[in-house]
Amino acid sequence: MTTLAPPNSAERLTALLKQIFGYDDFRPLQQEIMAASLAGLDTVAILPTGAGKSLCYQLPALVRDGLTVVVSPLIALMKDQVDQLEAAGVAATYLNSTLDPAEMRARQTGLDQGEYQLLYVAPERLLAGDFPRKLAGWNVRAIAVDEAHCISEWGHDFRPEYRQLASLRERFPGTPFLALTATATPRVREDIIAQLRLADPQVFISSFNRPNLSYRVIPKEKAIRQVWEFATARPLDSGIVYCQSRKSTEALAAALRAEGISALAYHAGMEAAERSSNQDAFLRDEARVVCATVAFGMGINKPNVRWVIHADLPKNVEGYYQETGRAGRDGLPADCLLLYSRGDVVKQLRFLDEISDEQARAVAQAQLDQMTGYAEDDGCRRSHLLEYFGESWPHDNCGGCDSCLTPRETYDATLECRKLLSCAFRIRQHSGFTTGLQHMADVIAGGNTEKIRRWNHETLSTYGIGRETPRADWVALGRQLLKSGLLCQSQDGFSTIALTNDGLNALKDGRSFTLTRPPAAARADSASATAVAKAGDIPCDEGLFAVLRAVRKDIADARDVPAYVVFSDVSLRHMARDYPTQPDALLNTPGVGEKKLAEFGAPIMDAIAKWITEHPRQAFTPLKAAAAPARKMQAEGALNGTALATLERFRAGISIEGIAKERGLSISTIESHIARAIEGGEKLEPRTFYTLAEEEEMQAAFVGYEGLALAPIHEKLDGRISYGKLKMLLAFRHRSEVC
Ligand code: ADP
Ligand code: ZN
């Protein structure tokens, strides 16, 4: 790589990181991205929300002897960023339609005179009127395109004006571009590169895991009550509740206000003035909760959103991930809760019917299925999300989702499963067609519906065999059997239910079934969510923290900026651990640079000094870089979330092929999961996988073989015995060696 930047730029970056931003270390990939950009290369940075993308262009801007232009899609965001930079002592400004002509002129004069290092502008302004000519006179050294996914129609926030940015390339041919986004899909990434005409760019992509976020799904019952309980249990914390409709955002906000929680609504149907005043109130901690549609989002730079609730089912996993991602930007623990009901799925299915374009409907249907798959997954939520983005979670227990924190109870469901499967069988046998799950539940529960009478289903031998169980439980069980591949749903739009071959075999061979129970507690605030040590947590003197928050609010109000522009919660929590009362000590606090020390240090140090004369100092154990995730029960200790999900299905009696099909994974992956479970001590029998004759044949082929690859053995056996069987044999051998 050619290095055009001054050779000492790495050292200068580190020094400025501390001096201006108050941080000792770079976050993952920050340094690499800055180095590439300073070397004059086009660069693409794909990092999740909260990873610290802004710093990737802000810090190099301080090293360059010219202007860095930042293209930003939202006016509110520009002001916010410039406020934060000014508070840290950086010469930054923005130009947009909110400025009056005099202010606009003043800033342009400043730019003419080279007074600024960073300029934020909206894309449409960059190319309008004589702006390009002016820009050419401002010594532009780099162009950063923030929220770069806006350029792609495949992204979730397409903005046509971003498309014009390519013409900047022609005007500034030698100037490096840096495109930044939190959208991970390859299609969007390729689109960014093509649309911006990036020249052989350096592309940096980090993991999309958000270790400080916890994920939970609970059955939705009374959504308002559940949200209220959740918010009340966290009286100091800000949060966002996402709702499907504009009306429900307003209803929910009003209901919460009636219960004494400062909540406001936000949706695209509101007057612009009201919308921005509600957003402002949230940013300034005057409203603690925002009930919003998905219109509330990209501009939310607020780092201390402590929780996000989805009161309705999101339309797709990508959107869900982005929305939950607005929690915990500051790296402190934050909670994401999804209230899930099948009723929501049915509602969305109805919306789908209204989509006339067949292709679009199919896409929406697939997205809904993926979302439902997430909500109904009894495996690790984190690994589910990461797998969605093509990443795998290498640990057995994430320590931060409902499945990993409270493993589901399993029970013997053999009798119920047999009842349901045989009912499906009888209906088909009797009528020659299949029916929906609801009807099937009516038959088992012995209902008296119009359909039952019309089709004479009261004459079936399975009619009424499940009267003792509530009808809704039969529907729920049906869903589980659908998920396990014993039943399948027709794709003809009527969603009728049929037995699969697997289901038929299961019925015939009389096998037993173990299922997991759905979580019983629908309380939004179960104790388990708060009792565990959370990743990213910074234990501190909570009393002092509350005092420092009040001091910060006063400073912020006096400057007419949100509190986080002054200091982040992370900084305050460090202060409330270390009790700095001298400038040197305060400067050691993460997020405290020289300018902030000079400007806001005195009232903070005074407050701390006063506090320690009146209260005993608390001691804290040193912070670890990252908390190791808790381990699950030892028999399953060797398995990660995805292997565990396979094992649970296998235990429930589903075949390897069935699991592969259901999970969309290859048969060989499923075999590897099971082989690992066998090695880990799972009680399985060799005869489940191969006959005695096959075992002897394989054993003979392995004699004298020391290698690891299976191919030579497979060949030696002329391919008579599958790789899967060979893998299982080895697993049983390893297990007996260990035990
Ligand atoms: P993104 O744009 O990727 O969502 P931000 O740029 O808003 O993330 O940064 C998130 C938070 O992380 C901010 O509060 C920022 O000050 C902080 N941050 C960024 N870089 C570092 C670092 N190297 N060390 C500590 N905190 C950092
Ligand atoms: Zn988990």
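The model is predicted, with local features needing pLDDT of at least 70, side-chain atom pairs counting only at pLDDT 80 or more, and totals for chains, interfaces and linings using all residues. Residues are numbered from 1 along each chain as its sequence is written, chains are lettered from A and ligands numbered from 1 in the order written, and side-chain values use heavy atoms, without hydrogens and water.

**Entry 1: α2 and α3**

I noted the spans: α2 covers residues 30-38 and α3 covers residues 53-63. Helices here are DSSP runs (H or I, at least four residues), numbered from the N terminus. The two pack at about 50 degrees, axes 9 Å apart. Axes are lines fitted to C-alpha atoms over the stretch in contact, and angles run from 0 to 180 degrees between N-to-C directions.

I then listed the contact (heavy atoms within 4.5 Å). From α2 come Gln 30, Ile 33, Met 34 and Leu 38; from α3 come Leu 55, Cys 56, Leu 59 and Pro 60. The classes are 7 nonpolar, 1 polar and no charged (Ala, Val, Leu, Ile, Met, Phe, Trp, Tyr, Cys and Pro are nonpolar; Asp, Glu, Lys and Arg charged; the others, Gly among them, polar).

**Entry 2: ligand 1**

Gln 30 turned up again here. One of its polar side-chain atoms lies 2.9 Å from a nitrogen atom of ligand 1. I checked the backbone too: an N or O atom of Gly 50 lies 2.6 Å from a ligand 1 oxygen. For Ala 51, a backbone N or O atom is 3.4 Å from an oxygen atom of ligand 1. I counted 14 residues around the ligand, with Tyr 23, Asp 25, Gly 50, Lys 53 and Ser 54 the closest (a heavy atom within 4 Å).

**Entry 3: α18 and α19**

I moved on to α18 (residues 414-431) and α19 (residues 437-444), which pack at about 105 degrees with axes 10 Å apart. They are therefore roughly perpendicular. Lys 419, Leu 420, Cys 423, Ala 424 and Ile 427 of α18 meet His 439, Met 440, Val 443 and Ile 444 of α19. I sorted this contact into 7 nonpolar, 1 polar and 1 charged residues.

Methods: Polar contact = N/O pair within 3.5 Å; in protein donor to acceptor, adjacent residues only side chain to side chain. Parallel < 35°, antiparallel > 145°, perpendicular 65-115°, else oblique.
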